[in-house]
Amino acid sequence: MIIQLAVMGVVIGAASMAAALYIPWLPDIGSKEGGRIDDLYLLASIICLVIFAIVASVSIYAVIKFRARPDDEEDGKPIHGHTGLEIVWTIIPAALVTVIAIFSGVALVKNEDLKADHRLIEVKAAQFAWSFTYPDLDITTGILRVVEGEQIELRMESEDVIHSFWVPEWRLKQDVVPGTVQRLIITPTRTGSFPLICTELCGLGHATMRTTAIVLSREDFDTWVAEQQQAAQAGGAAEGKQAFVNAGCGGCHVLADAGGTGQVGPDLDKVLPSLDAEFIRASIVDPNADVAAGYQPGVMPETYGDQLSTEQLDALVDYLVEATKG
Ligand code: CUA
């Protein structure tokens, strides 16, 4: 009996371990803090799978071994209580939960440890766009750029409803609740471009509330900062194109000149040539006042008027007129 049970337990345990650990449920890890969370998941998964294997094998064994046979009309013998067994099945789970609690506490304290030389980034969430401000660099952009190995502190605020910040490679997820400032501390460990998505159903455009988190080497980041500052100084078309790219417009609109390929909103290469500058400006600042036929109102964020300075807005409108002229 013990051998049958043991074989069953090993088979069930191995199958469920394989499903849990060998299928890549999440992308490769890309942050120090997320690695600690992965370790906790691994610990909890192993504990759960071992218990599952024991319970499942005993259950299956009991169903087969003690099933009612055709000639067997009698009830089983009544049993009542087993103090030893009850103590065991209380102590073991209590000990396991305590172990998980201790490891979790240690991981959380480490994940909350803010280094003195971290970079502060202010995050604004609004229906349906993200914007990131680097207060010390005077840059605001719709694409998050960070340095590999440099700890960042995200201070996140919502302008309307609850949104939720998530980069799967970084693992940690944080709801952004209106009226409060939420914090998330991340140390990216892998360069590359990763999806940055809203994971809280926040309205009609929820599915479009996604952008990119780009992890760069320090040199590439410094180059990007220099480019941003040059474009802002140059003004005109360079600044307008920069505003288009940074605000993430290309995520929803086609604009060949700036590499925009989004299909959510109207194709700007097609619609802009027939529109005047005044209408283009109004469509950016108050996009739901006049929505193009075939498109839903309430999808384009109404926050660009606040997010862009008057100078950036002027440059953007000029650029859009220039870039799509005949
Ligand atoms: Cu914001 Cu979903």
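## Surface patches

A patch of negative charge on the surface gathers Asp-71, Asp-72, Glu-73, Glu-74 and Asp-75. The model is a predicted one, in which local features need pLDDT of at least 70 and side-chain atom pairs count only at pLDDT 80 or more, while totals for chains, interfaces and linings use all residues. Residues are numbered from 1 along each chain as its sequence is written, and side-chain values use heavy atoms, with hydrogens and water left out.

Patches consist of residues with over 30% relative accessible area and no salt bridge, like charges being joined within 9 Å and nonpolar side chains (Val, Leu, Ile, Met, Phe, Trp, Tyr) within 5 Å. Glu-74 is found in the loop between helix 2 (32-65) and helix 3 (83-111). This residue is exposed, with a relative accessible area of 71%; buried means under 20%, exposed over 50%, and partly exposed in between (1.4 Å probe, protein chains only).

A nonpolar patch on the surface is formed by Leu-21, Tyr-22, Leu-42, Ile-46, Val-50, Ile-54 and Val-58, with about 650 Å² of accessible area together. Helix 2 gives the largest share of the nonpolar patch, five residues. Val-50 lies in helix 2 and is partly exposed, at a relative accessible area of 41%. Helices (H or I, at least four residues) and strands (E, at least two) are DSSP runs, numbered from the N terminus.

## Strand 6 and its partners

Strand 6 (residues 163-166) is covered on both faces: His-163 and Phe-165 on one side, and Ser-164 and Trp-166 on the other, are all buried. Strand 6 pairs with strand 7 (residues 173-176) in the antiparallel sense over four bridges, where pairing requires that DSSP finds at least two bridges between two strands. The bridge partner of Ser-164 in strand 7 is Asp-175. Strands 6 and 7 form a hairpin with six residues between them, and Arg-171 in the turn has a positive phi of about 70°. Strand 6 also pairs with strand 9 (residues 192-198), antiparallel over two bridges, and Phe-165 stands opposite Cys-198 there.

## Salt bridges

A salt bridge is a side-chain nitrogen of Lys or Arg within 4 Å of a carboxyl oxygen of Asp or Glu. The count comes to 11 salt bridges by this rule; three of them are listed below.

| Pair | N to O distance |
|---|---|
| Arg-183 and Glu-112 | 3.4 Å |
| Arg-218 and Glu-150 | 3.2 Å |
| Asp-257 and Lys-241 | 3.9 Å |

Glu-150 is buried, at 10% relative accessibility, and Arg-218 is partly exposed, at 40%. Salt bridges also link Glu-112, Glu-153, Arg-155 and Arg-183 in a network.

Technical notes:
Areas by Shrake-Rupley, 256 points an atom, 1.4 Å probe, with all protein chains shown as cover. Lys, Arg positive; Asp, Glu negative; His and termini not counted. Charge placed at Lys NZ, Arg CZ, Asp CG, Glu CD.
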